[in-house]
Amino acid sequence: MNTFQSIVGNDGDLSMRFATLEDAEALLDIYAPYIDQPVTFEFEVPPLEEFRHRIIERIAFYPYLVIEVDGKVVGYAYASRYKARPGYQWDVELSIYVDQNCRGRGVGRKLYTALLKLLQMQGVRNAFGIVSMPNVGSMHLHRKMGFRVVGIQYRAGYKCGEWHDVLIFQKELGDFESEPQPIVPIAAFEPPAIEAVLSDALAGTIKI
């Protein structure tokens with residue numbers, strides 16, 4: 001697990017930090033309303049213990065971030081290994097969920113900015129966003145963050161009584177001219193470096 005639970009970036013009433021297992025219930029509350037939408041192809045809200053296990057799987061190596069307003073968690077974002085084969089080890093898939101009552105404050109952009117910067121520091125070369133359609137908000141976020149559509153999976157998933165296309169967004173994060181080095185686990189970084197990223201992402205002073 002990461003060692004940054006006590007590190008917090010602040011900007012006014014907004015704060016950002018790494019997720020802990022104690023956040024599982026709050027994060028599940030944010031995720032649950034999306035089960036009734038084609039945003040996710042999961043059909044049932046997962047049990048709390050399973051959701052905790054999902055957090056454990058991800059925080060061991062990649063950033064898993066939460067953002068709060070006045071101490072209440074209103075969004076989260078994390079990275080997962082894109083594919084298992086060794087040649088894909090420099091690629092990640094991103095996931096982000098924001099409380100549906102907390103839109104319009106740039107929460108998604110701040111989360112993505114911090115997440116992408118940390119992944120870049122780790123040595124990740126490509127970040128992928130897999131977006132089921134329709135999802136105007138996610139499409140807008142990815143395009144605003146410099147992602148480009150590199151593929152469409154037509155009628156890839158069935159939910160809410162119809163088939164849905166899936167867009168594959170990609171953003172290149174690193175140098176492709178040199179030999180890639182092994183990805184650095186997020187826990188290997190010094191706390192001040194992490195705190196600076198979180199604070200700068202909240203303040204809007206990072207460009208990715």
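## Ground rules

Here, buried means under 20% relative accessible area, exposed means over 50%, and partly exposed is in between (1.4 Å probe, protein chains only). This is a predicted model, where local features need pLDDT of at least 70, side-chain atom pairs count only at pLDDT 80 or more, and totals for chains, interfaces and linings use all residues. Residues are numbered from 1 along each chain as its sequence is written, and side-chain values use heavy atoms, with hydrogens and water left out.

## Salt bridges

Take a side-chain nitrogen of Lys or Arg within 4 Å of a carboxyl oxygen of Asp or Glu as a salt bridge, and you get 8 of them. In one, Arg17 pairs with Glu68, with the closest N and O atoms 3.0 Å apart. Arg17 sits in strand β2 (residues 14-18) and Glu68 in strand β3 (residues 64-69), so the pair ties together parts 51 residues apart in sequence. Strands are DSSP runs of E, at least two residues, and helices are runs of H or I, at least four, numbered from the N terminus. Both Arg17 and Glu68 are buried, and they join Asp23 in a network of salt bridges.

Arg54 also forms a salt bridge with Glu50 (2.7 Å, N to O). These two are 4 residues apart in helix α2, so about one helical turn separates them. Glu50 counts as partly exposed, at 37% relative accessibility.

## Helix α3

Now for α3, which is mostly covered: 12 of its 16 residues are buried, including Tyr112 and Gln122. Gly123 follows α3 and has a positive phi, near 105 degrees.
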